[in-house]
Amino acid sequence: MVSVLAGAAGVFGLLIGSFLNVVIFRVPAGRSIVSPPSACMGCGSRIRASDNIPVLSWLLLRGRCRNCGARISPRYPLVELGTAVVFALVAWWVIASVRAALPLAPLNGRQIAAAAFALLAFLYLAAVSIALAMIDIDTHRLPNRIVLPAYIVGAALLAASALLQGEPGRLLTALAGGAILFGLYFVMALVYPGGMGFGDVKLAGVLGMYLGWLGWGALAVGGFAAFLLGGLFALVLLVLRCAGRKSSIPFGPWMLLGAWVGIFAGNAIAQGYLSFYGLG
């Protein structure tokens with residue numbers, strides 16, 4: 001059952017990945033994501049529906065436009081395939097988490113609804129994460145058009161799941177988590193404005209909300225992992241002389257990756273750390 005649902009989420013992820021390619025390209029340019037229809041950047045011809053099947057169309061066309069033969073970047077199918085993999089992993093994690101919490105009893109309607117809202121919340125975050133990471137890599141920006149709605153959508157879905165679970169306390173930890181990470185990044189942006197932008201600050205609030213909803217361990221690990229992973233990446237670039245000390249490296253992707261470490265394994269890592277020191 002878990003594998004079937006994860007597979008279905010993966011197929012859904014392929015479709016969302018195709019849409020994310022539009023978001024990644026158009027949002028930084030301030031263009032509409034719904035019109036006009038997608039077209040070849042070489043000849044301007046509208047892309048046929050049969051040539052817009054995620055991954056498969058790119059393979060069949062051998063990465064070329066049907067009309068003019070212009071090269072189509074492999075990044076498009078990679079985003080689609082990556083989104084499918086991430087969606088499948090998120091679905092597997094949500095379902096596995098629910099079954100771990102309720103290993104014996106069959107789920108009732110309320111519990112299924114709670115799990116569905118949680119799944120939607122984290123699939124939404126996954127889609128936002130992919131779009132923001134690619135945009136930040138391309139432009140060193142985290143657009144408000146994506147970040148700000150994530151507060152509303154994420155809060156609504158997480159609140160619905162928590163209330164259906166009968167765990168309203170999760171709402172408080174979610175609010176606290178968002179406030180803590182937002183405040184931390186806000187202070188860093190004031191102290192060192194060249195190294196931390198206010199786009200990072202706004203994204204931190206969203207990630208803190210999700211991590212706080214999962215618990216203090218997830219929040220601590222997810223928040224710390226961003227700096228650890230980003231720092232290691234910067235160190236590797238310095239050692240390989242691919243960047244200098246004054247090079248600008250987008251931090252958004254590392255915030256997002258660190259948050260997902262906290263989501264998938266934060267509570268387990270925190271508990272293991274405390275147990276190792278005899279505190280758990």
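Start with the largest pocket, which has a volume of about 840 Å³. The model on screen is predicted.

**Stop 1: the largest pocket**

Select Ser38, Ala39, Ile47, Asn52 and Tyr76; of the 36 residues that line the largest pocket, these lie nearest its centre. Next, colour the helices α1, α2 and α3 (75–101), each of which supplies at least two residues of the lining. The largest share, six residues, comes from α1. Colouring the lining of this pocket by class gives 18 nonpolar, nine polar and nine charged residues.

**Stop 2: aspartate 51**

Now select aspartate 51, in the loop between α1 (2–26) and α2 (56–60). Is aspartate 51 buried or exposed? Its relative accessible area is 14%, so aspartate 51 counts as buried, the cut-off being under 20%. Show the residues around aspartate 51: leaving aside neighbours within four places in sequence, it is in contact with Ser57, Leu61 and Arg66.

**Stop 3: the largest nonpolar core**

Hide the loop and turn to the nonpolar residues. In soluble globular proteins, nonpolar side chains tend to be buried together. Here the largest nonpolar core has 56 residues, and Phe122 and Tyr185 are those with the most contacts inside it. The elements that give two or more residues to this core are α1, α3, α4 (109–139), α5 (144–165), α6, α7, α8 and α9. Which element gives the largest share of this core? It is α4, with 14 residues.

Stay on tyrosine 185 and display its contacts. Apart from neighbours within four places in sequence, tyrosine 185 is in contact with Met196, Asp200, Val201, Ala204, Ala226, Phe227, Phe251 and Met255.

**Stop 4: the largest cavity**

Among the elements, α8 gives the most, with three residues.

About 50 Å³ of space lies in the largest cavity, and the structure holds one cavity of 30 Å³ or more. Which classes make up the lining of the largest cavity? There are seven nonpolar and two polar residues, and no charged residues. The lining of the largest pocket, back at the first stop, has nine charged residues.

Key. Residues numbered from 1 in each chain as written. Predicted model: local features only at pLDDT ≥ 70, side-chain atom pairs only at ≥ 80, totals over all residues. Heavy atoms only, no water. Helix = DSSP H or I, 4+ residues; strand = E, 2+ residues; numbered from the N terminus. Buried < 20%, exposed > 50% of the residue type's maximum accessible area, 1.4 Å probe, protein only. Contact = heavy atoms within 4.5 Å. 1 Å grid on protein atoms, 1.4 Å probe; cavity = no way out; pocket = protein on both sides within 12 Å on 5 of 7 lines; lining within 4 Å. Points joined across faces, edges and corners; volume = space filled by probe spheres on them. Nonpolar A, V, L, I, M, F, W, Y, C, P; charged D, E, K, R; others polar. Core = buried A, V, L, I, M, F, W, Y, C linked by side-chain atoms within 4.5 Å.
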